[in-house]
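Hi there,

Here is the structure I promised to pass on to you.

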Amino acid sequence: MNSDDFDAVYVRELGIDDIAPIYHLGEKLFTSELYPYLYRTWDEWEVIGLYNTDPEYCLVAEIDEEVAGFILGTIITKASWTYGYILWLGVNPNYQRRGVADKLVDKVVARMIEDGARFMLVDTDPTNIPAVKFFNRKGFGNIRQHIFLSMNLSKHDYYGRLIDYEHQKAERAGYRRSRPAIRARKPDGIGSEVVLNPLVNEPQITDEQSPI
């Protein structure tokens, strides 16, 4: 990596105008195809929420005034321990191997140390080997893997019963819509006469037959 490329990376705090570009960059990076079991879902509220609660740990990297990457973190305080936690780190594929992730992590770690953090946490998909190697190189260790279990609910018995019920309900609703509606008609000079659905085999009620 050329040192001039590293120096060309400018890191600043995330601004309100960065929310949309950062969100769309994350959409391209954190896909369900690449990480189907990522337990945190990437959406616009990840960016908006952290921007509102932890703006000092939400940083953007720029190269030639273009967004090259971002980091979103938070501080967690439990008892006498204060943890720094990196939740999201993303680099635009066009700017990889330019020192973007290095500068973002270094900057957010420095800020968290200044704010009292004495321990740092980060997690990533265990199949993301480049990310694991990167964080190892940055000094993160003591790897612990979580076990995530999944179930395809479309194969669950209740799911099948629910689908059948919805189909039957839709068919019943379609049958009711296909029947002509009951309507009132007023012939000239005669009292109101009720015209029933012609599919129903019942006699019509005239004024003379009405009990009222």
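**Thr82 and its surroundings**

Leaving out residues up to four places away in sequence, Thr82 touches Ile75, Ile76, Thr77, Gly116, Ala117, Arg118 and Phe119, where contact means heavy atoms within 4.5 Å. Thr82 sits in strand S4; helices (H or I, at least four residues) and strands (E, at least two) are DSSP runs, numbered from the N terminus. Thr82 counts as buried because its relative accessibility is 16%, and buried means under 20% relative accessible area, with exposed over 50% and partly exposed in between (1.4 Å probe, protein chains only). Between Thr82 and Ile113 there are 9.7 Å in space, C-alpha to C-alpha, and the two are 31 residues apart in sequence.

Before you read on, please keep in mind that this is a predicted model: local features need pLDDT of at least 70, side-chain atom pairs count only at pLDDT 80 or more, and totals for chains, interfaces and linings use all residues. Residues are numbered from 1 along each chain as its sequence is written, and side-chain values use heavy atoms, with hydrogens and water left out.

**The chain as a whole**

The protein chain has 6 helices and 7 strands, which run α-β-α-α-β-β-β-α-β-α-α-β-β from the N terminus on. Of its 212 residues, 29% count as buried. Among contacts in the protein chain with a separation of 6 or more, 60% come from residues 24 or more positions apart. The accessible surface is about 15,200 Å², and carbon and sulfur atoms hold 53% of that; these areas come from the Shrake-Rupley method with a 1.4 Å probe, and for residues only the protein chains shown count as cover.

In what order do the strands of the open sheet come? The order is S1-S2-S3-S4-S5, 5 strands with mixed pairing; two strands pair if DSSP finds at least two bridges between them. At the edges are strand S1 (10-13) and strand S5 (119-122), each of which pairs on one side only. From one strand to the next, the twist averages 25°. S1 pairs with strand S2 (residues 58-63) in the antiparallel sense over 4 bridges, and Val11 stands opposite Ala61 in S2.

Helix H2 (residues 19-29) lies across S2, strand S3 (66-78) and strand S4 (81-91), at about 90° to S3. Helix H3 (residues 44-53) also lies across S2, S3 and S4, but runs at about 60° to S3. For these angles, axes are lines fitted to C-alpha atoms, for helices over the stretch in contact, and angles run from 0 to 180 degrees between N-to-C directions.

**Glu62**

Glu62 is placed in strand S2. Is Glu62 buried or exposed? Glu62 is buried, since its relative accessible area is 15%. Its side chain makes a polar contact of 2.9 Å with that of Arg12 (a pair of N or O atoms within 3.5 Å; within protein, one must be able to donate a hydrogen and the other to accept it, and residues adjacent in sequence count only if both atoms are side-chain atoms). Not counting residues up to four places away in sequence, Glu62 touches Ala8, Val9, Tyr10, Arg12 and Ala68.

**Aromatic rings**

Searching the whole structure gives 10 aromatic pairs. The Phe135 and Phe140 rings have centres 5.5 Å apart and planes at 80°, so this pair is edge-to-face. Rings of Phe, Tyr and Trp (its six-membered ring) pair if their centres lie within 6.5 Å; planes under 30 degrees apart count as stacked, over 60 as edge-to-face and the rest as tilted. Both Phe135 and Phe140 are buried. Elsewhere in the list, ring pairs link Phe30, Trp42, Phe70 and Trp88 into a cluster.

Best wishes
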